[in-house]
Amino acid sequence: MLSLFCINYLTAHEYGHIVLGHIDHLISLKPSAILFEGISYVLPKDISPIFQQIKEFEADSYAINLLLRQVCANAMSAEGFSVDIADKLKSLEVRLYLWNFAVYTFWRLFGIEKFSYDDLPTLTHPPPAFRQEVAMGIARTSLRVNPQLGYDISNLPHLLQRSVLDVENAFSVISDQPVNMDAYHYISRKNANAL
Ligand SMILES: [Zn+2]
């Protein structure tokens, strides 16, 4: 289930780059340029990494918006899951938690864990905390515009923050990386304190 969420996110994100015209835009600026997803990729000198960060946020927004509809509609097949798991997946809260857990893990795996505020202009991909902030905003708006029967949207921020913290704690257990929520301080001290 978690890997399926990741694959669906990745596919929708890359599709977003195409349908939103990112490739065409990049080529119009520099015909020889290629949009890479590698975080260590060095863009041609005359294209700022911020250019790609913006494209990444846009592709994320596209993917998140698309996949949230799937999560809300419980459009994932429960085939192959035990009755217990299939039963839990009937809860929108559980699906949202697992979806965010999976996507944030994906960003965390392929993102930069350690960076300073001064590094931000050099990154081609926004730090996981920033992408999470976009996901949080889109999820909030999406559920406000399309309210789901029986789901109280006021629980959403805490639910998604809890999944982020669970991912960070899991990373600290399986690696030598201590939990580091500094990036959240860049965004919001209030949210960082809640985490
Ligand atoms: Zn991308």
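Which residues of helix 5 are buried?

A: Happy to. This is a predicted model, in which local features need pLDDT of at least 70 and side-chain atom pairs count only at pLDDT 80 or more, while totals for chains, interfaces and linings use all residues. Residues are numbered from 1 along each chain as its sequence is written.

The buried residues of helix 5 are Arg-95, Leu-96, Trp-99, Asn-100, Ala-102, Val-103, Tyr-104, Thr-105, Phe-106, Trp-107 and Arg-108. Here buried means that 20 or more other C-beta atoms lie within 10 Å of a residue's own, exposed means 12 or fewer, and partly exposed is in between, with C-beta atoms placed from the backbone. Helices are DSSP runs (H or I, at least four residues), numbered from the N terminus.

Helix 5 covers residues 92-110, and its 19 residues should span 27 Å at 1.5 Å a residue, which agrees with end C-alpha atoms 27 Å apart. That expected span is 1.5 Å times one less than the number of residues.

What covers the buried residues of helix 5? The cover includes helix 1 (2-19), helix 3 (49-72), helix 6 (128-145) and helix 7 (156-174). Contact means C-beta atoms, placed from the backbone, within 7 Å.

Take helix 1 as a partner. Its axis and that of helix 5 come within 8 Å and cross at roughly 60°; axes are lines fitted to C-alpha atoms, for helices over the stretch in contact, and angles run from 0 to 180 degrees between N-to-C directions. The crossing of helix 1 and helix 5 is right-handed, that is, the near helix is turned clockwise from the far one by less than a right angle. From helix 1, Leu-2, Phe-5, Cys-6 and Tyr-9 meet Leu-98, Trp-99, Phe-101, Ala-102, Val-103 and Phe-106 of helix 5. By class, this contact of helix 1 with helix 5 has ten nonpolar, no polar and no charged residues. Ala, Val, Leu, Ile, Met, Phe, Trp, Tyr, Cys and Pro count as nonpolar, Asp, Glu, Lys and Arg as charged, and the others, Gly among them, as polar.

Helix 3 is another part of the cover. With 24 residues, helix 3 reaches 34 Å from its first C-alpha to its last, close to the 34 Å expected. Its buried residues include Ala-59, Ala-63, Ile-64 and Leu-67, and the buried residues of helix 3 pack against helix 1, helix 2 (22-29), helix 5 and helix 6. Just after helix 3, Asn-74 takes a positive phi of about 50°.

Note on methods:
Helices (H or I, at least four residues) and strands (E, at least two) are DSSP runs, numbered from the N terminus. Two residues are in contact if their C-beta atoms, placed from the backbone, lie within 7 Å.
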